[in-house]
Amino acid sequence: MYIKENKKHLFNCSLGKDSTAELIVAKRLGVSIDRVVFADLQDADFPQMKDMLYKLQDFIGIEFEIIKAPFTFEEKFFQPVKRGNWIRPYRGFPPTVGKACWIKRDMKINPINKWVKSNNLTGYVRHFGFAKGEEDRLACQPDAVSLLIEQGITEAGAREICESEGLLNPLYNHFLRLGCWFCPKKSLRSWYMLWLHYPELWQKLKYYEKFCVWKLTPKYNTDEMEQLFITDKFLKRHGFERPLCICGESIGGENLCQIG
């Protein structure tokens, strides 16, 4: 345990259920929450993230350190790649396969690490929201701890903890996992939810897709997904009812009816 140690504590928070539960558990156990750092992914984040950030700050009782990369997603997206194996006119989305994600690296991990070093916080106990069963992820973080793992709390348990305090990110109403709104590693179910509930973001997705050299998923582009989403086979497989507007037309993405 880290309650009685004379050390300061720094928490990484993404506003997902696990990192939020890590903060809640720390507060319940009396662990000193000295600083909390949040990487603002700017235009790569769902707009709703800001409301959740303010709500969690009020609960914890301190102002979070909000770190931003010196560029936006769109600026980096349209930068040409002139070296390496994937030379192309635009960087585009992160690849759909493998672990390489330039957004996670350049807009989250690197800015936070730079901030930690520049503020001489390397001596702080670093907290990451890894649940029971994710010990391998924790092992990749030097000098890091997780109260969730220490307390034997699973991802399901983390969700229950957030719900008990009214601090479960509302995005979980539509998505099983959070991340960038356009993350290429989304499941088809999550793409469907984006298409149905976030039509403005879906239109942005279709715009960016025109400048990317690979498909958003290994199998489908946005046009193909739109056709898939209205098939009985897809809806039945995922337990969805056919979405209808008051006019009787299917809704979602560009199919939103003008009546309402």
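**Questions on the model**

Student: Does Cys13 count as buried or exposed?
Tutor: This is a predicted model, in which local features need pLDDT of at least 70 and side-chain atom pairs count only at pLDDT 80 or more, while totals for chains, interfaces and linings use all residues. Residues are numbered from 1 along each chain as its sequence is written, and side-chain values use heavy atoms, with hydrogens and water left out. Buried means under 20% relative accessible area, exposed means over 50%, and partly exposed is in between, with a 1.4 Å probe and protein chains only. Cys13 has a relative accessibility of 5%, so this residue counts as buried.

Student: What relative accessible area does Asn120 have?
Tutor: Asn120 is also a residue other than glycine with a positive phi, near 55 degrees. Its place is the loop between helix 4 (102–118) and strand 4 (125–127). Asn120 is exposed, with a relative accessible area of 60%.

Student: How many disulfides does the structure hold?
Tutor: A disulfide is a covalent bond between the sulfur atoms of two cysteines, and here the criterion is a pair of cysteine sulfur atoms within 2.5 Å. For Cys101, partly exposed at 25% relative accessibility, the nearest cysteine sulfur is that of Cys180, 6.1 Å away. For Cys183, partly exposed with a relative accessible area of 26%, the nearest is again that of Cys180, at 6.4 Å. The number of disulfides in the structure is 0.

Student: Why is the pair of Trp181 and Phe182 classed as it is?
Tutor: Rings of Phe, Tyr and Trp (its six-membered ring) pair if their centres lie within 6.5 Å, and planes under 30 degrees apart count as stacked, over 60 as edge-to-face and the rest as tilted. The whole structure has 32 aromatic pairs by this search. Because the ring centres of Trp181 and Phe182 are 5.1 Å apart and the planes stand at 85 degrees, this pair is edge-to-face.

Student: How many residues apart in the chain are Tyr192 and Phe234?
Tutor: Their ring centres are 5.5 Å apart with planes at 50 degrees, so the pair is tilted. Tyr192 is buried, with a relative accessible area of 1%, and Phe234 is buried at 4%. The pair links distant parts of the chain, since Tyr192 is in helix 8 (residues 188–197) and Phe234 in helix 11 (residues 232–237), a separation of 42 residues.

Student: Over the face of which residue does Lys76 lie?
Tutor: A charge sits over a ring if NZ of Lys or CZ of Arg is within 6 Å of the ring centre and within 35 degrees of the ring normal. Lys76, in helix 3 (residues 73–77), counts as buried at 12% relative accessibility. At 4.7 Å from the ring centre, Lys76 lies over the face of Phe71.

Student: What is the radius of gyration of the protein chain?
Tutor: The secondary structure comes to 11 helices and 5 strands. The radius of gyration is taken over C-alpha atoms, and the globule rule is 2.2 Å times the number of residues to the power 0.38. That rule gives 18 Å for 260 residues, so the chain is as compact as a globular protein of that length, its own radius of gyration being close to this at 20 Å.

Notes: Helix = DSSP H or I, 4+ residues; strand = E, 2+ residues; numbered from the N terminus.
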